Amino acid sequence: MDKKEFSEELNRLDVQNKDVITLYNEISSLAMKCAGEITPTAGIRNAYYLSMEFLIGRGFFNNLMELGVLDDVRKVLAEKGADINIFEEIEDAALGNGGLGRLAVCFLDSAAGQALPLHGYGIRYKYGLFKQAFENGYQVELPDDWQKFGDPWSIRRDNEKRTVKYADMTVTAVPYDYPVFGKRINRLRLFQAEGSEEARKISEYLYPADDTEEGKILRIRQEYFFSAATVAELIENFVEQYGKKFDDFPEYNVIQLNDTHPVMAIAEFIRILTTEYNVAFSDSLRIARETFAYTNHTVLPEALETWNEEYVRKILPEIADIMIKISLDAAREHAMCGKEQISEMAIYKGDKFYMANLAVYVAKKVNGVAKLHTDILKSKTFKAANSMYPDKFRNKTNGITHRRWLELCNTELSELIDRTAGAGWRSDISKLGELNKYTREIAEEFIEIKKVKKRQLLRYIEQKEGIEIPENFLVYSQIKRLHEYKRQLMTAFAILELYFGLKDGSIKDFQPSVFIFGAKSAPSYRRAKAIIKFINEIAAKVNSDVETNGLLKVVFVCNYNVSYAEKIVAGSDVSLQVSTAGLEASGTGNMKFMMNGAVTCGTMDGANIEIVELAGIENNYIFGATVEEIAKIKQKGYKPGVYLTGKNKKAVETLIDGTFSDDGRNIFKELYDCLTTYNEPDCYFVLLDLKSYVQTLLKINGDYKDKKTFAIKQLNNVANSAYFSSDRTIKEYAEDIWDL
Ligand code: 26Q
């Protein structure tokens, strides 16, 4: 079906007397008819992106836009008396948790947009990331039944089911295919586990609690489940097309591992070749080493996966054996290295598998996701491997699709760019740079557009959260997974310092401001949950203080997700990216804000560094200790107590002085102890950077008074954001890693 036929059918659609969900399904199904065949192309080289997460968000608007029929649908519905925005009721497909999952979807979008054959493989979870509710300011988790509206964007492939075997059970993996629209239609294939009740559990939840043996084993089952189903399919397709000349496998297939979650695919690949096709182990491993590539997304030691041999062996004895064989092979190859290096690169050590080391050993290419992150991988995390395989390590700075994160979420700004610099940027993002010539000229218009986007955001917040924020407020936003290293707690203290300063009159001439937070905490992450409660307590106090609430407000939006993000990035003035230097691999939210004209208030971390390199440090607000400075301070022995004086002290002590209540749960005291007395107190250096953070927020506040100069700063960010389009990132992967 082409666009014209789609239009005709759309015009025939009966809109009256139908509920939103029925209409949603009918229009989506109609659009799906435009998809046609969606299988990887035979006879060419294809790239496969294996990921535990695909954070799709809402498919409806995006898919219609990619198909070029969004305006048509809007118009036809309007003629029939319906507003397209009714579909905002349809909830997001949140089959992911944060940056890693959203990146996967941006990559698929960019690959399809450039006609590159990249296909996603993952799990079709019955429940996505939990729905967040607040009860008395505490996060509670509710199941996210995202399929309750139907799932019209997928096609179930019963004829392509396959079996995944564990020692104790057999599971059916049923593929569901989601078209990825663009210049070519690519495919995201998500497997659903079927069979016994136990079998179905495998695709029930994203990140089930893994604090028990049972939970850990379920995680291993999940990882193996989609990795095994994918690899079996790729090998089967290869044999069908090219026969059993497996030496040619890497010529037609490249498998990108999105972090370590799909790393068992390597062992499964070797298992199939050795046991089903009698290929020698050494040959199988050699072929694997030509086929796989690995992206690392974190340097936090606790997030680098390790699996107990006992657990793996219990359900996947052959996989355990193969991983041990790979580790022996690695040990041989590393034999001439020093003892320390050998231990650092070990794949199997102390009854545990080090999945990142396995990935690094086998992968042909290993990449970091921002310049600084790649440097840290090379000089610290995988130092030994880098000295052994210097050519392996590459940088691929992340990007975001400007179609969803500018064209779709900010049509007003997009049109301003069209009017000013021409519409060429939509298909060739490098043209966005044209805007640099006109930033001064269009500043006033930009101010008006920002006002419109802010109004839309603040209305939405009022409606959802019941908090009213006047339109003249300066909007600072921090939206991202809740984690100590991201330092939402530091923002909380900074807000308290502003609040106390406004109350005692030491802060004058303050431009009214709101701080917007959006974040979910992992259900078992006690401290992260304590931080949410603390911020909600602060919000309640600050928002109800009539002395200051014309000047300062705080909102923690509930159930932050992709659709909320689309509104927040478009309506914000300031993007808060304040992670401890060296710990945020890249960040991608920072890029979304930049593209929508928010200035970055951040540390020299992740992609922030590249943002200020490109948009100018004078157009952004950088503060805090650098990686080098933190290393020095650590060496000398960091004493956070030194910074616990004056205003900092007053803010931090609200955790223990009765200003706020945690209903006797003692979680605030625990946060306090964590900063002051634990054996490595304040390991994320909150107190170290707090003072300069507050000063920077105040500097921004002061600068904002000159609206035009501030708007020009914001526009300089928009104009220099082309580099952060995932179109650029994907081109680099295609050239440097995938050889597409
Ligand atoms: C690890 C071990 C056990 C259980 C779970 C995990 C686990 C799960 C998810 C570890 C990490 C994740 C997700 C990480 C993530 O989203 N990382 C982000 O990736 C983005 C895309 O590259 C970066 O921009 C962010 O800086 C990074 O935090």
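Biologist: Why does the radius of gyration of the protein chain agree with that of a compact globule?

Modeller: The radius of gyration is taken over C-alpha atoms, and the globule rule is 2.2 Å times the number of residues to the power 0.38. With 740 residues, a compact globule would have a value near 27 Å, and the protein chain has 26 Å, which therefore agrees. This is a predicted model, in which local features need pLDDT of at least 70, side-chain atom pairs count only at pLDDT 80 or more, and totals for chains, interfaces and linings use all residues. Residues are numbered from 1 along each chain as its sequence is written, and side-chain values use heavy atoms, with hydrogens and water left out.

Biologist: What makes residues of the protein chain count as buried, and what percentage of the 740 do so?

Modeller: Buried means under 20% relative accessible area, exposed over 50%, and partly exposed in between, with a 1.4 Å probe and protein chains only. By that criterion, 62% of the 740 residues are buried.

Biologist: Which residues show that both faces of strand E12 are covered?

Modeller: Strands are DSSP runs of E with at least two residues, and helices are runs of H or I with at least four, numbered from the N terminus. In E12 (residues 292-295), Phe292 and Tyr294 lie on one side and Ala293 and Thr295 on the other, and all are buried. In a regular strand the side chains alternate between the two faces of the sheet.

Biologist: What makes E11 and E16 pairing partners of E12?

Modeller: Two strands pair if DSSP finds at least two bridges between them. Strand E11 (residues 253-258) runs parallel to E12 and is joined to E12 by 4 bridges, while strand E16 (residues 365-368) pairs with E12 in the parallel sense over 3 bridges. Threonine 295 of E12 is the bridge partner of asparagine 258 and also has asparagine 367 in E16 as a bridge partner.

Biologist: Why are E20 and E23 called edge strands?

Modeller: The open sheet of 6 strands has the order E20-E19-E18-E21-E22-E23, with parallel pairing. Strand E20 (552-557) and strand E23 (621-622) each pair on one side only. E23 pairs with strand E22 (residues 599-602) over 2 bridges, and glycine 602 stands opposite isoleucine 622.

Biologist: How many residues of domain 1 and of domain 2 are in contact?

Modeller: The domain assignment, automatic or from a database, gives domain 1 (37-57 + 92-398 + 731-738) and domain 2 (402-625 + 689-724). Contact means heavy atoms within 4.5 Å; 37 residues of domain 1 touch 38 residues of domain 2 in this sense.
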